[in-house]
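Okay, thanks for coming, everyone.

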Amino acid sequence: MTLAASEACCHRLAGVLFPWDVTRALELALLKTFCVPSISALLARTGEFEQRPRKRYDDTGLMVAELLRHGIDSAAGAAVIERMNRIHGHYAISNDDFLYVLSSFVAEPIRWLERYGWRPLTAEEREHLFRFWRAVGERMGIGAIPASLAELLALNGRVEREIFRYAASNQRIADATLAMLLDDWPAPLRPPLRRALQALLAGEVAGSLGWPAAPGPLQGLVLAALRTRSRSAGGWLGLRRLVAGEPAPSFYSMRPTPSYGRSFRLEQLGPPPLLPELNRPE
């Protein structure tokens with residue numbers, strides 16, 4: 001199982017088979033990282049999620065999408081990893097926090113597709129997903145990355161059981177992010193949509209963000225709605241492949257974003273106060 005094979009598999013998963021689901025899973029992963037007080041405290045100190053939540057969200061989504069779209073060691077992928085490393089180098093981030101975030105990029109798509117997708121990932125796809133993100137972590141200089149998928153998922157579960165706890169910074173960052181996600185919707189729809197999004201989180205996870213636990217019937221309704229949506233999408237994909245072959249890939253970085261419009265440049269990504277230094281040749 002080569003890295004090239006893992007890159008090709010993840011390109012197909014994120015760009016063809018499950019583009020909507022993978023984006024939603026990574027949004028959920030982002031929210032769950034705010035349950036780690038050391039992560040939310042750093043984000044609160046930088047001010048990026050509270051002052052510029054849309055830009056911070058788009059920057060993350062664009063860099064992740066470019067890695068999945070082009071591959072890790074392509075010119076575009078290597079430039080993204082260099083950019084991420086230069087941004088992260090300005091902050092004191094522990095290796096443990098890096099490891100949890102990395103693990104969430106593997107664990108959440110697996111969980112999301114198992115729970116809400118039109119089909120779960122196969123064992124081979126899960127292994128490719130792990131190998132892809134492990135290679136990203138290695139190029140970011142993250143230490144002590146687990147050697148197997150099972151060990152990485154165990155690390156993810158251990159952090160969520162033992163480290164997740166409420167902190168005021170968790171709630172500040174999560175509230176700002178949720179408000180940004182709802183901002184494009186008409187105001188009357190935002191309260192029910194807020195409750196629906198919060199229903200994606202288990203009670204103890206919601207509590208770590210200072211949010212109320214969703215009632216069981218609401219969680220069941222959200223589950224049914226997402227499964228119906230995914231099965232419809234899966235059927236449409238099957239019909240498209242039968243009639244016209246595989247659809248063209250669709251990545252977050254191939255669509256217009258609120259922050260940058262129809263196109264972006266890597267030099268635009270990152271906290272605005274750091275851009276002059278980030279864009280200075282090394």
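First, the terms: on a 1 Å grid over the protein atoms alone, a pocket is an open set of points where a 1.4 Å probe fits, with protein on both sides within 12 Å along at least five of seven lines, and lining residues have an atom within 4 Å of a point. Points are joined across faces, edges and corners, and volume is the space filled by probe spheres set on them.

By that count, the second largest pocket holds about 330 Å³. It has 17 lining residues, with Lys32, Arg111, Leu200, Leu201 and Ala202 closest to the centre. H7 (95-115) gives the largest share of that lining, four residues. Helices here are DSSP runs (H or I, at least four residues), numbered from the N terminus. The lining splits into nine nonpolar, one polar and seven charged; Ala, Val, Leu, Ile, Met, Phe, Trp, Tyr, Cys and Pro count as nonpolar, Asp, Glu, Lys and Arg as charged, the others, Gly among them, as polar.

Quick caveats: this is a predicted model, where local features need pLDDT of at least 70 and side-chain atom pairs 80 or more, while totals for chains, interfaces and linings use all residues. Numbering runs from 1 along each chain as its sequence is written, and side-chain values use heavy atoms, leaving out hydrogens and water.

Now, the largest pocket: about 630 Å³. Of its 25 lining residues, Trp20, Arg24, Glu27, Leu181 and Leu197 sit nearest the centre. H2 contributes most, seven residues. By class, that lining has 19 nonpolar, one polar and five charged residues.

Definitions and conventions: Helix = DSSP H or I, 4+ residues; strand = E, 2+ residues; numbered from the N terminus.
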